[in-house]
Amino acid sequence: MNTRPTLLKALLTEQHLQRYETFRAEYDRVASQIAPELQRTAPSRAQYYRWLTGQLKGGTPYPDACRVLESMFPPWTAEDLFGPPDKAPNKASNPKQASSDSLLTSIAHSFSAEMLQGLWVTSYEFSTTQHPKLHADIAHITVDSDSRIRAKNYPPEPRTEGHVVPYCNEIEAHLANRHLIGHWKNTSDTRYFGSLHLAVLPGETVMEGYYTGYANDIEVAMGRWKWVRLDPTSLSSFDLSEVVLRDPHVLHELVKDHTQYDAPLSLDAVAEEPNGAHQASRS
């Protein structure tokens, strides 16, 4: 039985999910989407920390846990996740990914997608009514290759006006020239999905563009979507799962007025409390 850091630990740390309570919440969310019988099957705290250091006699946990973990971290296999990070195979050449953006592969990217890695404050309008509602979140961009990224907009919990359960989105996108083009899927309300097209402004701290999405079976929704980089130095030792974002109207105005010449936003500017502590009640 080995004791060494695993790819799982590296990915959890990269996505700010390494705290046990944060990991367990995400594990339970993904498990419930796979099958009802997988709910409440998260590992104990002690078992979780054994996972992080690869202290497993058989190399991987039981099959149900492998199913959940592989859904949390596609395209990695359980064997990849419980192996050392430096030995993990490069998954960026996944043929399914290559076919999905084959028309764009001939367009050179102006810079490496690694320039986009990190946290971004994003905001968009939605709803087909005359009075659009607002959504705001912190998106986590991770890099698959020099031209491909993935993103998800939690933690912290997003803010979606008029919704008790906020929109949790996952994104896959390709960098062509200075444009990020891809698809998104709502994982908290799986009826909704669509595409996005963002222009990366010089300086790589602001992205502006549009999304299109499912409105109903015969209508397409669309709207502006703007992203502003979050200053990583402002995060300090905060646990993002305990941060409460400010009202989406406040964040929408903050993001809308931000230019490429401004400094990245700080966590204090987007959190309800300067110290990022979780409030007992929310408005």
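Glu242 is partly exposed, with a relative accessible area of 31%; here buried denotes under 20% relative accessible area, exposed over 50%, and partly exposed the range in between (1.4 Å probe, protein chains only). The structure is a predicted model, in which local features need pLDDT of at least 70 and side-chain atom pairs count only at pLDDT 80 or more, whereas totals for chains, interfaces and linings use all residues. Residues are numbered from 1 along each chain as its sequence is written, and side-chain values use heavy atoms, with hydrogens and water left out.

The side chain of Glu242 meets that of Arg19 in a salt bridge (3.0 Å, N to O), the term requiring a side-chain nitrogen of Lys or Arg within 4 Å of a carboxyl oxygen of Asp or Glu. Glu242 is placed in the loop between strand 9 (219-229) and helix 7 (248-256) and Arg19 in the loop between helix 1 and helix 2, so the pair ties together parts that are 223 residues apart in sequence. Helices (H or I, at least four residues) and strands (E, at least two) are DSSP runs, numbered from the N terminus. Arg19 is partly exposed, at a relative accessible area of 33%.

By the stated rule, 16 salt bridges are counted. One of them joins Arg150 and Glu172, whose closest N and O atoms are 2.8 Å apart. This pair links distant parts of the chain, with Arg150 in strand 3 (residues 148-152) and Glu172 in strand 5 (residues 169-176), 22 residues apart. Arg150 is buried at 15% relative accessibility, while Glu172 is partly exposed at 37%.

A further salt bridge connects Glu204 with Arg178, the closest N and O atoms lying 2.6 Å apart. Glu204 belongs to the loop between strand 7 (193-200) and strand 8 (206-216), and Arg178 to the loop between strand 5 and strand 6 (179-186); the pair links distant parts of the chain, 26 residues apart. Glu204 is buried, with a relative accessible area of 12%, and Arg178 is partly exposed at 22%. Elsewhere, salt bridges that share partners join Arg19, Glu21, Arg45, Asp239 and Glu242 into one network.

Helix 3 (residues 45-52) contains the buried residues Gln47, Tyr48, Trp51 and Leu52. Viewed down the helix axis, the buried residues fall within an arc of 145°, so they line one face of helix 3; the arc is taken over the directions from the helix axis to the C-beta atoms. Their cover includes helix 1 (7-14), helix 2 (20-34) and helix 4 (63-72), contact being defined as heavy atoms within 4.5 Å. Just after helix 3, Gly54 adopts a positive phi of about 70°.
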